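Please read this briefing with the structure open beside you, and look up each residue as it is mentioned. The points are grouped by topic and go from the whole chain to single residues.

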Amino acid sequence: MLINRPVPFLDLVLSISEATDLIDLNINDHGKRVAFIALNIANELELNPSDKHTIIIAGLLHDIGAFSLQDKLKAASFEFEFKYETKEINKHAELGYMLLRKFKPLSEMAEIIRYHHFTYKEAEKLTDIDKNILLFSQIIHLADRIDILIGRKNNILNQVKDIYDKISEYSEEYFNPELVEVFDYLKSKEYFWLDIVSNPQILTFSRFLGYLPLDFSLDKILDFSKMFSQIIDFRSSFTATHSKGVTATSTALARLSNFSDTECKMMEVAGYLHDLGKLSVPAEILEKPAGLTTDEFDIIRGHTYFTYKILSNVANLDTINSWASFHHECLDGTGYPFHLKEDGLSLGSRIMAVSDIFTAITEDRPYRKGMTKTESLKIVETMAKNNKIDADIVSVLKLNYDEINSARIIAQNEASIEYKEFRQYYNNALNSKK
Ligand SMILES: [Fe+2]
Ligand SMILES: [Fe+2]
Ligand SMILES: [Fe+2]
């Protein structure tokens, strides 16, 4: 049952990028397309495979700091960048940088993302930044603006002249002129444009890479998912500590259910990633404590489907995926989105369902206090009685309540400190730019 094989890192980042772009149909696949355009430019510059890999990852994640629909739409407007002071458009770039910088394999990409809306003139003044980092962020910048200019409804080959004219109008002031020259050369190749609009896939990427991107071991995946849980949670103060709490609960329950060390690590990864699909939900909706419209609720209801979809695009993550993604399924088949029943829900998936409910009702939120021991046990026991969640796991929770609950509280307190630091750092960064 256990799969503990290396996971292709690029697959994971690729599907995460797709998920964040689901926030609005007009920006569908934007990260992927930017990565693809940037890769084509890198290819013309004959950069080495490892630099190309860096550029692809930075391209895929460049707007990861744009949490709300508003941020996304601003970043997707060509004029916005030129009309307003850079600090406004740089907000999401700074946030993205802060979230990614602590994770070693992504620290270089974090730097590139930080400067991806700097104009050429501004970037030239950054004398203490590595030249390559600056060049790569200028590549992402240009690729980003090219994709923004592509009309999604009209034939792509019709638009080439207009797009090029607009870009070259801003050459030197906003874009690195050498890169605009590369674009001038690329623009005449029909395949370049047709590739962009026909959903560039991983194979198209590797066609240019010339080597196999790095694989992640379980330990690396654990580091990555821990970092990523911040990106999932920090989008709203309402969810800021949730994934950490779920992870502490699910890992404690797994250990008490005699899962092996490796299985407990896998459970930890599943906990950090269980709400990954929430990246497809605009922060504006996450921030609404009550009174969601049916439309808004439908958007939220899709989140576990997207967790599943994202993780199923990644090789060797099947078990972790099933533990992470089925947390809103019920034993009697009334859950969502797959309406699985008892025979489709493994012990790991059942543990996650209990952990998610338990954390959701006991955690403090900005608008309400968490439930007490008696209140929360009453809720999970009633759900077990109604065949929604597993009664044996609920008994383990009841028997070890204090141990599990204090592990949850410690984890969420830690996350809360990290969240405050993140906000603080971010506010300081913004103020110092004024
Ligand atoms: Fe951006
Ligand atoms: Fe969820
Ligand atoms: Fe959750």
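Predicted model: local features only at pLDDT ≥ 70, side-chain atom pairs only at ≥ 80, totals over all residues.

The domain assignment divides the protein into domain 1, covering 7–216, and domain 2, covering 225–426.

**Overall size and packing**

- A compact globule of 434 residues would have a radius of gyration near 22 Å, and the protein, with 23 Å, agrees with that expectation.
- Along its principal axes, the C-alpha trace of the protein spans about 70 × 45 × 40 Å.
- Of the 434 residues in the protein, 47% are buried.
- When contacts are counted between residues at least 6 apart in sequence, 71% of them join residues that are at least 24 apart.

- The centres of domain 1 and domain 2, taken over C-alpha atoms, are separated by 33 Å, and 20 residues of domain 1 are in contact with 21 residues of domain 2.
- On the side of domain 1 that touches domain 2, the elements giving two or more residues are β1 (7–8), α1 (9–20) and α6 (86–100), and the largest share, six residues, comes from α1.
- Sorted by class, this side of domain 1 has 14 nonpolar, three polar and three charged residues.

**The nonpolar cores**

- In soluble globular proteins, nonpolar side chains tend to be buried together.
- The largest nonpolar core in this model has 102 residues, and those with the most contacts inside it are Ala 38, Ile 139 and Val 354.
- Because domain 1 (7–216) and domain 2 (225–426) both give residues to this core, it lies between them.
- Leaving out residues up to four places away in sequence, Val 354 touches Leu 253, Val 380, Ile 389, Asp 390, Ile 393, Val 394 and Leu 397.
- There is also a second, separate core of seven residues, which includes Phe 67, Ile 89, Ala 283 and Leu 286.

**Helix α15**

- Helix α15 (residues 242–256) has 15 residues and reaches 21 Å from its first C-alpha to its last, which is close to the 21 Å expected at 1.5 Å a residue.
- Since 13 of the 15 residues of α15 are buried, this helix is largely enclosed by the rest of the structure.
- Just after α15, Asn 258 takes a positive phi of about 65 degrees.

- Leu 179 lies in helix α11 (residues 177–186), and it counts as buried because it has 22 C-beta neighbours inside 10 Å, where the cut-off for a buried residue is 20 or more.
- Apart from its neighbours within four places in sequence, Leu 179 is in contact with Ile 41, Gln 138, Ile 139 and Leu 142; of these, Ile 139 is also among the residues with the most contacts inside the largest nonpolar core.
- Leu 179 and Leu 399 are 220 residues apart in sequence, and from C-alpha to C-alpha they are 64 Å apart in space.
- Leu 377 is found in helix α22 (residues 373–385), and it is partly exposed, with 16 other C-beta atoms within 10 Å, a count that falls between the cut-offs of 12 or fewer for exposed and 20 or more for buried.
- Leu 377 and Phe 358 are 19 residues apart in sequence, and their C-alpha atoms are 8.5 Å apart in space.

Technical notes: Residues numbered from 1 in each chain as written. Chains lettered and ligands numbered in written order. Domains from an automatic or database assignment. Contact = placed C-beta atoms within 7 Å. Helix = DSSP H or I, 4+ residues; strand = E, 2+ residues; numbered from the N terminus. Nonpolar A, V, L, I, M, F, W, Y, C, P; charged D, E, K, R; others polar. Expected span 1.5 Å × (residues − 1). Rg over C-alpha atoms; globule rule 2.2 N^0.38 Å. Core = buried A, V, L, I, M, F, W, Y, C linked by C-beta atoms within 7 Å.
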